Amino acid sequence: MNIFNTLTRKKERFVALQDNHVRMYVCGVTVYDDCHVGHARSAVVFDVLSRYLQHKGYAVTYVRNFTDVDDKILKKALEEKVVWTEIVATYIDAYYRDMNRLRVRIPDVEPRATQHMPEIIDMIAGLIQKGFAYQVENDVYYDVSAYEAYGRLSGRKKDEMLAGARVEVDVRKKDPMDFALWKGAKAGEPGWESPWGLGRPGWHIECSVMSIKHLGEIFDIHGGGKDLVFPHHENEMAQSCAYTGQEFSRYWVHNGFVTIDEEKMSKSLGNFFTIQEIFQKSPWKKDEQGKEDDVTAEVLRYFLLSTHYRSDLNFSDKALSEAKSALDNIYSLFERLEESGQEDQIENSRLLEKALAEFSQQFEQVMDDDLNTPKALAEFQRFRGEINKWLASGGLTSEAKTQALESFRQFGVPLGLFQLSSKDWSFSRTFDESVTFGAIANVSPSSVVDSNWIEQQIENRLQARKRKDFATADKIRQDLASQGITLEDRPDGTTRWKR
């Protein structure tokens, strides 16, 4: 398996530090608001990386943190006139709600900054003792000039780093690039006792402490969005390597942005959709309350994986609609594989064995090439096309059908896709998919085409054809077409419908 390492700026063969055990740390969210689609992408990307490593036979220890004390949290608490811990509790719950909907697996460890204050204080004290940090009144800063390799992760020169950093203006610092390890508490702010007075940690130090505590001083993979490369991950690397005297993470993996109209989706720009909004606005749900989120989750995951994780991904109604159509094709095949029918084409079943071996090899090959999920999805669609040809030219044996269906399920697991039943999927075709996420907040009852009504029309058409009343049969087909419903008459006399 090859993976792109931000540190070396090239694809490298992945070799775990311990034979079959991978240790991975991913920077999580600061819990002060609902997560948007950009957060969803990062969560899904590293969920897939973890799943695929397990698919390859590795044991994976996956750690993803919560930043649960921060200026943004304190500001939100002030605005809402509640204690800051209430903000933290609210948005951690919201995060689990969203990740559960997206079928993102819970990591093995989910540490919080506030649970690691003794270790944070110890690491800061160690950096001071080693000459990499200095105290100014109740604050402690990391001395960037003391670490000669600063900038090697981002590859930036000092003037570029100064322009790109969120530099905290403080004339007491030795250098504008020096960053806070410990912040003295201001009036009304939460604080923890330390050798430098009451205060709380800076943003970067917490991840160094939590990753080292739960994974060791050197581990395999450190991940996050590419906006974290600098300054967050650059600072993490500098303070961690200075503290331990050795390398930190061996592979640095970063996903691209989600954009709207080619501009990065972010809360500061106000051009974002929260995960909660997408599920609320989705036309693919069973009722107005959105009790059935499986179809929306499948569509969103497929969309997020349809572009390579390192590239930026443009969010649009059209892109989501294309993902839904691609999934419709897969689940339509599942319906056919679940049907009984003609089974006399033994030769087709032999061809399936060969095609399955090729599909398995191609899937692993593209996923081994830096987790190339778009090509993996293309392989699923290619395999689907082959199976449909055999079904149309004589069929497959029951055993071959079962084998084909199980193969989609098995190889879909690393992507978190193709695990629904065709029955669960089919109800999504009864909704108006012209509804756009940006234009309407909920699907109205009037947009629903009732599936019972469709089935009744199909039965009426069947009876009309038996009576040789072809004018009525054609009229029923036209009426269904006007509602966006297409019919497919099967050789066995049954009729299937879909949007």
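This is a predicted model: local features need pLDDT of at least 70, side-chain atom pairs count only at pLDDT 80 or more; totals for chains, interfaces and linings use all residues.
Biologist: Let's start with the overall picture. How many helices and strands does the chain have?
Modeller: The secondary structure comes to 16 helices and 15 strands. Of the 499 residues, 55% count as buried. Among contacts between residues at least 6 apart in sequence, 76% join residues at least 24 apart.

Biologist: Now to the charged pairs. What makes E110 and R64 a salt bridge?
Modeller: Their side chains meet with N to O at 3.3 Å. The cut-off for a salt bridge is 4 Å, so this pair qualifies. It is one of 27 salt bridges found in the whole structure.

Biologist: What does the pair of E110 and R64 tie together?
Modeller: E110 lies in the loop between helix 3 (84-101) and helix 4 (117-129), while R64 is in strand 4 (residues 59-64), so the pair ties together parts that are 46 residues apart in sequence.

Biologist: Which parts does the salt bridge of K183 and D71 tie together?
Modeller: The N to O distance there is 3.4 Å, within the 4 Å cut-off, so K183 and D71 form a salt bridge. K183 sits in strand 7 (residues 179-184) and D71 in helix 2 (residues 71-80), so the parts tied together are 112 residues apart in sequence. The two also belong to a network of salt bridges that links D71, K183, E189 and R200.

Biologist: Is D71 buried, exposed or partly exposed, and how do you know?
Modeller: D71 has 40% relative accessibility. That value falls between 20% and 50%, so D71 counts as partly exposed.

Biologist: What about R97 and D98: how far apart are their closest N and O atoms?
Modeller: They are 3.0 Å apart, which is within 4 Å, so this is a salt bridge too. R97 is partly exposed at 29%, whereas D98 is buried at 0%.

Biologist: Let's turn to the nonpolar residues. Which residues have the most contacts inside the largest nonpolar core?
Modeller: Those are F14, I387 and F418, in a core of 94 residues. Setting aside residues up to four places away in sequence, F418 touches several others, including Y302, L327, F334 and F408. A second, separate core has 42 residues, among them Y142, Y147, M161 and F230.

Biologist: How do helix 10 and helix 12 cross?
Modeller: The axes of helix 10 (residues 317-338) and helix 12 (residues 373-392) come within 10 Å and cross at roughly 40°. The crossing is left-handed. Among the residues making the contact are I330 and L333 of helix 10, and F380 and I387 of helix 12. By class, the contact has 8 nonpolar, 3 polar and 2 charged residues.

Biologist: Why is M237 called buried?
Modeller: M237 has 1% relative accessibility, and the limit is under 20%, so M237 counts as buried. This residue is found in helix 7 (residues 229-244). Leaving aside neighbours within four places in sequence, M237 is in contact with L7, Y147, R152, L153, E247, F248 and W252.

Biologist: Where is the cis peptide bond, and what is its omega?
Modeller: The cis bond joins F230 and P231, with omega about 5°. P231 is found in helix 7.

Biologist: How do you know whether E137 and K468 are buried or exposed?
Modeller: Exposed means over 50% relative accessible area. E137 has 59% and K468 has 63%, so both count as exposed.

Key
Residues are numbered from 1 along each chain as its sequence is written. Side-chain values use heavy atoms; hydrogens and water are left out. Helices (H or I, at least four residues) and strands (E, at least two) are DSSP runs, numbered from the N terminus. Buried means under 20% relative accessible area, exposed over 50%, partly exposed in between (1.4 Å probe, protein chains only). A nonpolar core is a set of buried Ala, Val, Leu, Ile, Met, Phe, Trp, Tyr and Cys residues joined through side-chain atoms within 4.5 Å. Contact means heavy atoms within 4.5 Å. Axes are lines fitted to C-alpha atoms, for helices over the stretch in contact, and angles run from 0 to 180 degrees between N-to-C directions. A crossing is left-handed if the near helix is turned anticlockwise from the far one by less than a right angle, and right-handed if clockwise. Ala, Val, Leu, Ile, Met, Phe, Trp, Tyr, Cys and Pro count as nonpolar, Asp, Glu, Lys and Arg as charged, and the others, Gly among them, as polar.
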